[in-house]
Amino acid sequence: MSIKFTRRDLLKTAAAGGTVAATSSFPFINSAHAAEALSVVDWGPPWIDHAKKTGEAWGKAEINWTLHSGGAASILPKIKAAWPNPPYDLVDNWSPVFLSMVREGWAETVTLDDCPNLANIPEGLITKDADGNWKNIPRGTAGVFFTYAPENCPIEIKSIDDLLDPALKGQILWPNPTLNTNLQVVALAKARGGDEYNMEPGWEFLKELAASGNIGRVSANTSDVITSLETAETSVTFVDQGTLSGVKGTELIHLTKTDPTLKTFVFVSGWCVLSSSKNKELAFDYANFTISKENSELYYQDVGEVPVNINAEHDIQHLRFSPEETDAYVVIPDWDHLGVELDNWNKRFEKDIVPLL
Amino acid sequence: MKLSRGAILLLVPGVGILLAFLVLPLANVVEESFRLFEPGRIGAAKDAPYTFFNYAELINVTYLYYFVETARIGFIASIVGLILGFPIAYVIARRFTPVWRKIGVGFLIGIMFLSTLVRVYALQLTFGPTGIAKFLTGLLGVSMNGRFYTELVVILGLLHYLVPIAAITLLGTIQNVNPRLTEAAQALGAPRWMAHFTITIPLCVPGLLSAFLISFTLCLSAFVVPMILGKGKVLFVSNLIYSRFSEIANYPSGSAISIIMLLLSLLIIYGVTYLVTTRWIKH
């Protein structure tokens, strides 16, 4: 007996199969996906490598990873565009962005029931809303500071005025304002008697720096920083501790306790569970797992930030400050003010600085 | 012109797609550009009042600088692209055998399908500190991190797109020029170069104009090339727009810059077309 299977039969079968697949499987796939997979936003290496490691150790659900692109705040428009259904459950970010998320009403309230390990974290480090509700899960604290590569840098940097030394032509990697929420210009302002509320001295300093030709590149993301320092394209920058952990092949001297004109800005990094998440319980559970004593120590080893769990041990000497050193070198800025001013500062950078580069 | 019912029905899907994916999003951008932005927020609030502020703040010499710089670098790259693309097209159209012509055209089309990131990072590796930058800047007597070299690398990045596009655009034009005209000129005593510059090139002006406009439009909207190769020092208007939308979340300002850029691009393109067609092609 011969089997006749015409082209028309083939098309009919394919169409029927496709219809069945389209009408039956998608709802199951979607609901299973929503229930079992966690969507987490994290930074590129070293953060993502550490996060994947802890994700595997946690093992309670599949995790879909998304990487930040550009500055820390660049995730916000993506959430806004998709709100109230952004495709993320948990976002890794830092102090100023937490405030924006709280302001928009995107940050889910967290309690000790949700994350019991928060009991081992100083409450002062937790971001709160106007009613005092906890809105994030801190994981680490670190600094943003000046650093340089002595092998490639033509001079030894002893104070902030050395940045203007003609020997540094093209050697400075200057972050654009969207990186570090423009703390780099706050640092310049503080060196000349200003602060985040009085930025004019900082902008004047930066104009001098731009006109000097010492700025060789303006970094827009962490990979710019790592690549530029590793390839010796530039040798001086202002950067956060975590990004520096990605610089493996170049020795760096961190200017955190060198001179009172070179300030270190301390911030908190960690998790924020989105209030839109369908997987809040899982998101809290994973976040809680990452801030245990053991995982906090692993976070320090992998990422290089100071863990905020009081039981976790670390040995980051350049970010360990005595009370006197804290007074001389450490600044905790008004993050809320920085977040509000960033738009103006970015325009100021475009108008006054870029044409001089 | 009267359209039949059938023709109208055939037009409906296309017009619908244009409305849904071009006109409506563009209208959304126009509307957003007139909204007041409150710093610290993500985009404009739904009930934000209307304002001209987003346009007014662009009336500034510095922002004019960005538009002029984008056009200047785009113009240089487009002209160099034409100068490099024309001989390639000429050789493929006039000198190659049919087999080699196919291989040549295939090669040009193949280049255009290369991933943007692959091209740009290949250029960065080649002309960056791990490549020949030190040798090249030493030869030119400029700084590797200086403005001149950065602009040069950006232009090289743009040429990576423009040369094959210009060459492909010019192929048809050159093929359509009757070679007997230059032969006649030469027979009457004109040297080859004079026959080429007085016969072939003028007859190729419409094709050159098309190639220039395509190249220039691509340059005006270039984003990845200046972002990666410009080291944050050479910024195109598209980079400002990206920064407004993705880094600062100031959608109204980003929308205003986008609309101005769109209008300027249209103005430049229509201006150049008008000038060349009325002053050159007609004469």
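How far apart are the axes of helix α3 (residues 61-95) of chain B and helix α10 (residues 205-220) of chain B, and at what angle do they cross? They come within 9 Å and cross at roughly 140°. Axes here are lines fitted to C-alpha atoms, for helices over the stretch in contact, and angles run from 0 to 180 degrees between N-to-C directions.

A word on ground rules. This is a predicted model, where local features need pLDDT of at least 70, side-chain atom pairs count only at pLDDT 80 or more, and totals for chains, interfaces and linings use all residues. Residues are numbered from 1 along each chain as its sequence is written, while chains are lettered from A and ligands numbered from 1 in the order in which they are written.

Where pLDDT is low, the predicted coordinates should not be read in detail. Two residues are in contact if their C-beta atoms, placed from the backbone, lie within 7 Å.

**Chain B and its helix pair**

Chain B comes to 13 helices and zero strands. Helices (H or I, at least four residues) and strands (E, at least two) are DSSP runs, numbered from the N terminus. The C-alpha atoms of chain B fill a box of roughly 75 × 65 × 35 Å along the principal axes.

Back to the opening pair: α3(B) and α10(B) are therefore oblique to each other. Angles under 35 degrees count as roughly parallel, over 145 as roughly antiparallel, 65 to 115 as roughly perpendicular and the rest as oblique. On the α3(B) side, the residues that meet α10(B) include Gly74(B), Ser78(B), Gly81(B) and Gly85(B); their partners in α10(B) include Phe212(B) and Phe216(B). The contact divides into nine nonpolar, six polar and no charged residues. Ala, Val, Leu, Ile, Met, Phe, Trp, Tyr, Cys and Pro count as nonpolar, Asp, Glu, Lys and Arg as charged, and the others, Gly among them, as polar.

**Where the chains meet**

Between the chains, 26 residues of chain B are in contact with 34 residues of chain A. α12(B) (237-248) gives the most to chain B's side, with six residues. That side has ten nonpolar, 13 polar and three charged residues.

α12(B) also packs against helix α12 (residues 335-353) of chain A, and that makes α12(A) roughly antiparallel to α12(B). Leu342(A), Asp343(A), Asn346(A) and Glu350(A) make the contact with Leu240(B), Ser243(B) and Ile248(B).

| Pair | Axis distance | Angle |
|---|---|---|
| α3(B) and α10(B) | within 9 Å | roughly 140° |
| α12(A) and α12(B) | 11 Å | about 160° |

**Domains of chain A**

Chain A is divided into domain 1 (37-141 + 267-317) and domain 2 (155-266 + 322-356), with bounds from an automatic or database domain assignment. Their centres, taken over C-alpha atoms, are 26 Å apart. The contact takes 17 residues from domain 1 of chain A and 18 residues from domain 2 of chain A. On the domain 1 side, helix α4 (residues 95-104) of chain A supplies the largest share, four residues.
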